[in-house]
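I opened my notebook to get to know a new structure, one entry at a time. Come along and look with me.

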Amino acid sequence: MGDGHALVLVVDFGAQYAQVIARRVREAGCYSEIVGHTVPAAQILAREPAALILSGGPASVYSPGAPRLDPALIEAGIPLLGICYGFQCLAQALGGEVARTAAGEYGATTLERVADSSRLLAGVPARTQVWMSHADAVVNPPPGVHVTARTFSTPVAAFEDPVRRLAGVQFHPEVVHTPEGSRILTAFLRDLAGLPPTWVTASIAEEAIAGVAAQVGEGRALCALSGGVDSAVAAVLVHRAIGDRLTCVMVDHGLLREGEREQVESAIAEGLGLRLIVVDARERFLSALAGVVEPEQKRRIIGRQFIRVFEQAAADCARGERIDHLVQGTLYPDVVESGGGAGTATIKSHHNVGGLPDDLRFTLVEPLRRLFKDEVREVGRALGLPATIIDRHPFPGPGLAIRIIGAVDADRLATVRAADAIARAELSAAGATGEVWQMPVVLLADVRSVGVQGDGRTYGHPVVLRPVTSEDAMTADWARLPTDLLARISARITNEVPGVTRVVLDLTSKPPGTIEWE
Ligand code: XMP
């Protein structure tokens, strides 16, 4: 069980889709987590899942060393849905046959229903678009199942067995290119598995608050606010649980975007009544960074300075009383990536700044540990945080320092900050903030090129726009923003920001390019 919620476990067969499946399951109101396929069946069953979903994966069920489905998971009688590779594993385990097809099937294709009655496809039109990505296919369905759909090249595209509460689909219901996908996942969860929707924003927030209250008890906590969504929502949740025993610290290192510090002050401190200490450390960071060009060195310096300033602030605000907890905005994807272990007892690293010293011992409070980013945003909205903070794009801890290619100084910071503010304002005015994952604005401070402005020649710097789309920042594509929006951004930056004579657009995906330039 997942703390009072029925638990849906997504068994990850090595696809990039497992997290997306877990997210869709939660959107359908059921709490879900991911387990690797190497986790023994006994351990999976010990968690008493109310349903299992087998994800897709890159292997062929026949290749040596391919991930296997332990029959114990089927025999346990838990409702089970197989997707893509998981569908083929299920078919094979139930006695069906899987084989390589001539051409495979990739991309959008039309699914045709071949049975009038289907619990899984209830309400799905007779023909609908689905997303496929497979070379193998189920060529003989297992005995006793009801085949419900096909495509042009895949005769067995879905089957179900309502008595054993098993179902499978060759296509990917979790991706947006399968418009009926959410309906199909919901049908599995509600109808086949019989799970009511309990995982809703109000209960997510309440449970997180209760969890923090139980963990911190009468203790005191400290939270570093960066201006980003995660730390803001974490702070507000903790504040609801322990009130003024939480102190927030914002280090203004001078590398923030325009208006960021003021927004945190007005939204968090004035708007929601959190106790906030803002440390003005701009001079200190500027002098530590003077003349430094190499990005890793910049990061190290910023990390080190941050720790010193934060430690001093912690000591000042403790005023002799012990502060024993440190709030962090760790999200569920971070937990999955780091192996999914239980909460760590003392802090070893701070993901924004790269390492607090050993003698600064805190117990970590991580109220967002079970949540995906979109759930954090929902909770934040429900707790009254304004859109200026909730809709904010990710921003690196080292801030504008890594968006200046070259040494950092006050003038260059002012330049990149002004260009960034224009780009964000125009993006927002066009209603396009949500269309991109983020849009770094980068100043090539060591490059100059000739321009003509007014009556004279100029010799200024280029600014790079790096709008990207992404699901999780691990991979990204350059965003196809409307050209008139790009034109407005470019015209305003070159007109309004002194010293910038060109605006160029980065057309590189990740890989090979990273999102930030550094
Ligand atoms: P890259 O440039 O590696 O960035 O493609 C991936 C994502 O991480 C963000 N980023 C950081 N975030 N501290 C952070 O909190 C950092 O030091 C840092 N460096 C990069 C980047 O903005 C992108 O979203």
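Which residue is the bridge partner of Leu52 in β4? I looked it up, and the partner is Leu80. A note to myself before going further: this is a predicted model.

**Entry: around β3**

I stayed with β3 and its link to strand β4, which covers residues 80-83. The two pair in the parallel sense, over three bridges. I also checked Leu54, and its bridge partner in β4 is Gly82.

Next I turned to β1, residues 7-12, which is joined to β3 by four bridges. These strands run parallel too. Here I found Val10 with Ile53 of β3 as its bridge partner.

Then I asked myself: are the residues on the two faces of β3 buried or exposed? I found Ala51 and Ile53 buried on one side, and Leu52 and Leu54 buried on the other, so both faces of this strand, residues 51-54, are covered. In general, side chains in a regular strand alternate between the two faces of the sheet.

**Entry: a lysine in α10**

I moved on to Lys298, which sits in helix α10, residues 295-318. Which side chain of opposite charge is nearest to Lys298, and how far away is it? I found Glu518, at 7.9 Å. Lys298 is buried yet has no salt bridge, because a salt bridge needs the charged atoms within 4 Å. Leaving out residues up to four places away in sequence, I listed what Lys298 touches: Leu289, Val292, Val293, Ala401, Ile404, Gly406 and Val408.

**Entry: stepping back**

Last, I checked the domain assignment, which gives domain 1 (7-192), domain 2 (201-390) and domain 3 (404-505). I noted that the C-alpha centres of domain 1 and domain 3 lie 44 Å apart.

Key. Residues numbered from 1 in each chain as written. Predicted model: local features only at pLDDT ≥ 70, side-chain atom pairs only at ≥ 80, totals over all residues. Heavy atoms only, no water. Domains from an automatic or database assignment. Buried < 20%, exposed > 50% of the residue type's maximum accessible area, 1.4 Å probe, protein only. Lys, Arg positive; Asp, Glu negative; His and termini not counted. Contact = heavy atoms within 4.5 Å. Pairing = 2+ DSSP bridges.
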